[in-house]
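Thanks for sending this one over. Here are my notes, point by point, to read alongside the model.

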Amino acid sequence: MRTTIEQDADVDGMAAPEAFPEDQRLDSIFSWQELARLDEALTMSSRETGLRFTLYIGDLGTPTRTQAEAMHARSGDDPSEAVLIALSPGQRVVEVVTGAAAARRLPDRACALAVLSMTVSFAAGDLVGGIVNGLRQLSDQAGHPASLRHPY
Amino acid sequence: MSVVETILVFVGIPLAIVVVLALLIFVPGGRKRPRYRPGQPWEHAPIWYEPHPDATGHSAHPALEGGAHVVHTHTGAPLGGARGTW
């Protein structure tokens with residue numbers, strides 16, 4: 001017996017939003033526009049810097065730093081070049097974790113500056129704006145990868 | 001103008017404008033998603049966003065699905081970053 005989701009998925013590869021139960025819908029946390037902004041910010045930051053930026057939003061347990069670092073280690077093929085932004089709105093904590101190679105280009109003080117502006121936005125209730133601006137600040141600080149720099 | 005016309009013009013028109021605006025403001029259902037306010041508990045399931053796979057130069061397959069066979073290259077190198085609360 002095929003379900004509605006499978007039948008719809010055969011048409012164009014995507015299932016209609018109404019096919020999902022309410023809390024499994026992709027836009028249950030953020031609207032489609034907000035998801036598009038997050039996707040663009042993550043992708044552009046990753047593309048411009050060559051580092052892999054990922055974003056986790058959910059509970060981080062206690063202590064939050066340990067959980068964030070464990071997630072960072074699992075975030076991709078090469079955690080050394082990865083940056084994880086772990087956000088726990090329930091605990092009101094944001095952790096930025098940079099791998100060893102990423103930390104050379106994104107020193108802790110640059111991360112602290114981005115985190116400062118992010119927490120100001122979060123305190124005002126603006127999650128998406130805070131994340132997008134934080135990603136922009138981090139990618140500005142990290143600059144372009146060495147291979148793109150011209151040897152002037 | 002007669003009394004009726006005066007009342008219609010100076011009372012009726014402003015009243016009609018107020019009624020139309022009230023309908024536009026209060027009748028639409030409102031936000032489907034509750035606005036986030038600090039201090040509220042976070043009820044949603046944890047979610048992890050990654051960039052588009054083409055964005056990073058090296059091949060990056062989804063890591064969380066492959067958790068069982070990912071080789072952990074964690075060499076103990078110190079991780080950097082920052083932390084903030086609000």
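1. Chain A averages a pLDDT of 83, and 80% of the residues score at least 70; pLDDT is the predictor's confidence in each residue, from 0 to 100. This is a predicted model, in which local features need pLDDT of at least 70 and side-chain atom pairs count only at pLDDT 80 or more, while totals for chains, interfaces and linings use all residues. Residues are numbered from 1 along each chain as its sequence is written, and chains are lettered from A, with ligands numbered from 1, in the order in which they are written.

2. Please take care with residues 2-15 of chain A, where pLDDT stays under 50. For this stretch the model has nine contacts beyond four places in sequence, a contact being two residues whose C-beta atoms, placed from the backbone, lie within 7 Å. Where pLDDT is low, the predicted coordinates should not be read in detail.

3. Which residues have the most contacts inside the largest nonpolar core? They are Val83(A), Leu84(A), Ala86(A), Val96(A) and Ile131(A), in a core of 40 residues. Such a core is a set of buried Ala, Val, Leu, Ile, Met, Phe, Trp, Tyr and Cys residues joined through C-beta atoms within 7 Å. Buried means 20 or more other C-beta atoms within 10 Å of a residue's own, exposed means 12 or fewer, and partly exposed is in between, with C-beta atoms placed from the backbone. Leaving aside residues up to four places away in sequence, Ile131(A) touches Leu38(A), Ala41(A), Leu55(A), Ile85(A) and Met118(A).

4. Asp77(A) sits in the loop between helix 3 and strand 2 of chain A. Asp77(A) counts as partly exposed because it has 18 C-beta neighbours inside 10 Å.

5. Chain B has one helix and two strands, in the order α-β-β from the N terminus. Helices (H or I, at least four residues) and strands (E, at least two) are DSSP runs, numbered from the N terminus.

6. Do look at Gly12(B), where helix 1 of chain B has a kink of about 35 degrees, shortly before Pro14(B). The bend is the angle between axes fitted to the seven residues ending at a residue and the seven starting there.

7. How many residues does each chain bring to the contact? Chain B brings 36 residues and chain A 51 residues. Strand 2 of chain B gives the most to the chain B side, with six residues.
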